Amino acid sequence: MSGLDESISITRVAPKKSFFDISAIGTIMKIVVLGLFVVVFCANVEGKVYTKCGLTNELITLNFPRTFIGNWVCLIESESGKNTSRITNRANGKQGVGLFQIKSKDWCTFGKKGGTCNVKCEDMLDENIKDDGVCAEKVKNEFGFLAWDGWKRSCKGRNLPLPPC
Ligand SMILES: *[C@@H]1O[C@H](CO)[C@@H](O)[C@H](O)[C@H]1NC(C)=O
């Protein structure tokens, strides 16, 4: 009986440490995975910059009427440079927020849901532009494209068909 116990304990010797310890791979993997999470998380916070065709296809996916997509793309190029995280200071302490440069205070509020669109302005700065699009359509329904200085400046009076992609 006691002889058997001893033979078991002998098999439990610590594995010999080599220069490249195989158990370190687990630690390295954890660091790599953690690093990837940080990169992905930061990329989301940073938002994204669309290409012209990437933007066109996204607006089609979001069911924007095709006849107006040329104007929306022109407006977005002019207002935000197709950058979802663009934020600019405007008159009366307002800010232009995100891809469509939705005006804070009027259409969204920082810190909590508010404005005519009843959204947080922070939510207009991420990569998800569905909520931005809903709000932008609301602005257009009320004031037309004339609500955007960037549209008046760069797009008004131009023939702007659906960009060929
Ligand atoms: C997008 O906008 C953000 C916020 O203004 C800015 O930090 C970033 O550099 C812009 N990206 C590009 C590619 O212009």
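**Stop one: two helices**

Helix 3 crosses helix 4 in a right-handed manner. Before you zoom in, keep in mind that this is a predicted model. To find the pair, select residues 52-61 for helix 3 and residues 66-80 for helix 4. They pack at an angle of about 130°, and their axes are 10 Å apart. That angle is why helix 3 counts as oblique to helix 4.

Now show the side chains where the two meet. On helix 3, pick Lys52, Leu55, Thr56, Leu59 and Ile60; on helix 4, pick Ile69, Trp72, Val73 and Ile76. Sorted by class, this contact has seven nonpolar residues, one polar and one charged.

**Stop two: the ligand**

Which residues surround the ligand? Select Val49, Asn83, Ser85, Arg86 and Ile87 and you have them. This shell is made up of two nonpolar, two polar and one charged residues.

**Stop three: an annotated stretch**

Finally, select residues 117-135, which an unreviewed UniProt entry annotates as "domain: Glycosyl hydrolases family 22 (GH22)". Colour the span by secondary structure: 32% is helix and 11% is strand.

Conventions. Residues are numbered from 1 along each chain as its sequence is written. This is a predicted model: local features need pLDDT of at least 70, side-chain atom pairs count only at pLDDT 80 or more; totals for chains, interfaces and linings use all residues. A residue is near a molecule or strand if its C-beta atom, placed from the backbone, lies within 6 Å of it. Ala, Val, Leu, Ile, Met, Phe, Trp, Tyr, Cys and Pro count as nonpolar, Asp, Glu, Lys and Arg as charged, and the others, Gly among them, as polar. UniProt positions are given in the numbering used here, feature names are shortened, and annotations may be inferred rather than shown by experiment. Helices (H or I, at least four residues) and strands (E, at least two) are DSSP runs, numbered from the N terminus. Axes are lines fitted to C-alpha atoms, for helices over the stretch in contact, and angles run from 0 to 180 degrees between N-to-C directions. Angles under 35 degrees count as roughly parallel, over 145 as roughly antiparallel, 65 to 115 as roughly perpendicular and the rest as oblique. A crossing is left-handed if the near helix is turned anticlockwise from the far one by less than a right angle, and right-handed if clockwise. Two residues are in contact if their C-beta atoms, placed from the backbone, lie within 7 Å.
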